[in-house]
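Here is a short report on one protein chain. Please keep the sequence and the 3D view open while reading.

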Amino acid sequence: SPAISATSYATTRPIANCSDCVRSAAPDTVDIHGYYTEDLQKRLDRNAHEREYGWAQYFLGGSIISAGKVATPTSWVGVRDEKLGLELLCGSTKKGYPRAVFALAKQYRSVGQLTMHDSLMEVALDQGHAMAGTLLGYDCQDGAKAVRYMYLERASELGCGMASFCLGTAYDRGGHGLERNLTAALRYYCIGSEQGEAGAQFLAARLYKEHVGDGEKEVEYLLMAAEQGYVGAQEHVGKIYVDHGGEWIKSPNWPSGVYWIRRAAAGGCEDAAWMLNDIEETTKNVCFNCGITRTMRAGEGERFGRCAKCRSAYYCSRECQRAHWGTGHKQSCVKGDA
């Protein structure tokens, strides 16, 4: 391939101090859309063209193909050169770099060459690329159900959370060549949860409640998904925390519940926004320590103060706030910003 300036085409995150290359102990973690470092880009260029390292050819080839098309934190200088990019990807593929095989397969798919796409995806899967197995599973027609699940099984074993999630939903719903099996569905949801798939965590929580009857496990898995930003889980765990037999303000997890409902509302959940408004309108007139209301104690014109940290507990006086802090609110209070 003709020499080309990596400064024009590639970006890479500085991950090593090696004077000769940008390769780390785990080159798959290199982010070509990371911070712009001209010196490291020059090394990447040298490693791709002079030393013909497969990983460098992959990163540089992918950058050249997407130049001017994919937005990155840096400005692309230079023009798209699909031919040169494909040459580099082919070179990386011949050296057995799985991510290059996967990228090349997607290029063939983009031009309608599905046979080559499927063949290369098979190669990538054999080389350990989990997402290749997931996509092959998706692409299988209804008449090839056994092959579809075989691909998804392999991808799941390779650590693809999406594949585990798909297998879980297949067993959860039944049909398409599988009998409904909630035990198998929960097993795959749990595998997907360990692999970091938020959807699997959310559905594992549902099955722990409905199929197993384990409320603690339900909350555990809901929190996993909620912490990853899964809005449905945030809303659901918020409801569980604030509900206390209808006596909201006596819930020991009240601040955490309001926090998650705020997060869900901020994420666009209309039910959470409605509930948050209802919570604030209902509780702002009740002292969380003594239970007195504004009309009983201070009159309609005087507002109750609230905890500055969690912004979800209200008090008729500083004395009540101090008393409530010492009797449990100190342990349950969480930062209220969503």
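Where is the place of S332? S332 sits in helix 17 (residues 318-332).

## Basis of the report

This is a predicted model: local features need pLDDT of at least 70, side-chain atom pairs count only at pLDDT 80 or more, and totals for chains, interfaces and linings use all residues. Residues are numbered from 1 along each chain as its sequence is written, and side-chain values use heavy atoms, with hydrogens and water left out.

## Overall make-up

The chain has 17 helices and 2 strands. Helices (H or I, at least four residues) and strands (E, at least two) are DSSP runs, numbered from the N terminus. Of the 338 residues, 45% count as buried. Buried means under 20% relative accessible area, exposed means over 50%, and partly exposed lies in between (1.4 Å probe, protein chains only).

A contact means heavy atoms within 4.5 Å. Among contacts in the chain with a separation of 6 or more, 51% come from residues 24 or more positions apart.

## S332 and its partners

S332 counts as buried because its relative accessibility is 16%. Not counting residues up to four places away in sequence, S332 touches P252, P255 and S256.

## The nonpolar cores

A nonpolar core is a set of buried Ala, Val, Leu, Ile, Met, Phe, Trp, Tyr and Cys residues joined through side-chain atoms within 4.5 Å. The largest one has 35 residues, and Y189, V237 and W260 touch the most other members. Seven helices are listed as each supplying at least two residues: helix 8 (145-157), helix 9 (161-173), helix 10 (182-194), helix 11 (198-212), helix 12 (215-227), helix 13 and helix 14 (254-266). Helix 11 gives the most, with 7 residues. Another core lies apart from it and holds 26 residues, among them W55, I64, L88 and L125.

W260 is buried because its relative accessibility is 7%. Leaving aside neighbours within four places in sequence, W260 is in contact with L223, A226, E227, Q234, V237, G238 and Y241.

A search of the whole structure finds 6 aromatic pairs. One of them joins Y259 and W260 edge-to-face, at 5.0 Å centre to centre and 70° between the planes. Rings of Phe, Tyr and Trp (its six-membered ring) pair if their centres lie within 6.5 Å; planes under 30 degrees apart count as stacked, over 60 as edge-to-face and the rest as tilted. Y259 also counts as buried, at 18% relative accessibility.

## E235 in helix 13

E235 lies in helix 13 (residues 231-242). Is E235 buried or exposed? E235 counts as buried, because its relative accessibility is 11%. Beyond its neighbours within four places in sequence, E235 is in contact with A264, C269, D271 and A272.

## The second largest pocket

About 240 Å³ of space lies in the second largest pocket. Of its 12 lining residues, R148, Y149, C166, T169 and A170 are the closest to its centre. On a 1 Å grid over the protein atoms alone, a pocket is an open set of points where a 1.4 Å probe fits, with protein on both sides within 12 Å along at least five of seven lines; lining residues have an atom within 4 Å of a point. Grid points are joined across faces, edges and corners, and a volume is the space filled by probe spheres set on the points.

Helix 7 (130-139), helix 8 and helix 9 each supply at least two residues of the lining. Helix 9 gives the most, with 4 residues. The lining divides into 5 nonpolar, 5 polar and 2 charged residues. Here Ala, Val, Leu, Ile, Met, Phe, Trp, Tyr, Cys and Pro count as nonpolar, Asp, Glu, Lys and Arg as charged, and the others, Gly among them, as polar.

## Two loop residues

G159 lies in the loop between helix 8 and helix 9. G159 is partly exposed, with a relative accessible area of 39%. G159 and G196 are 37 residues apart in sequence and 9.6 Å apart in space, C-alpha to C-alpha.

R311 lies in the loop between strand 1 (305-306) and strand 2 (314-315). R311 has a positive phi of about 55°, although it is not a glycine. R311 is partly exposed, with a relative accessible area of 25%.
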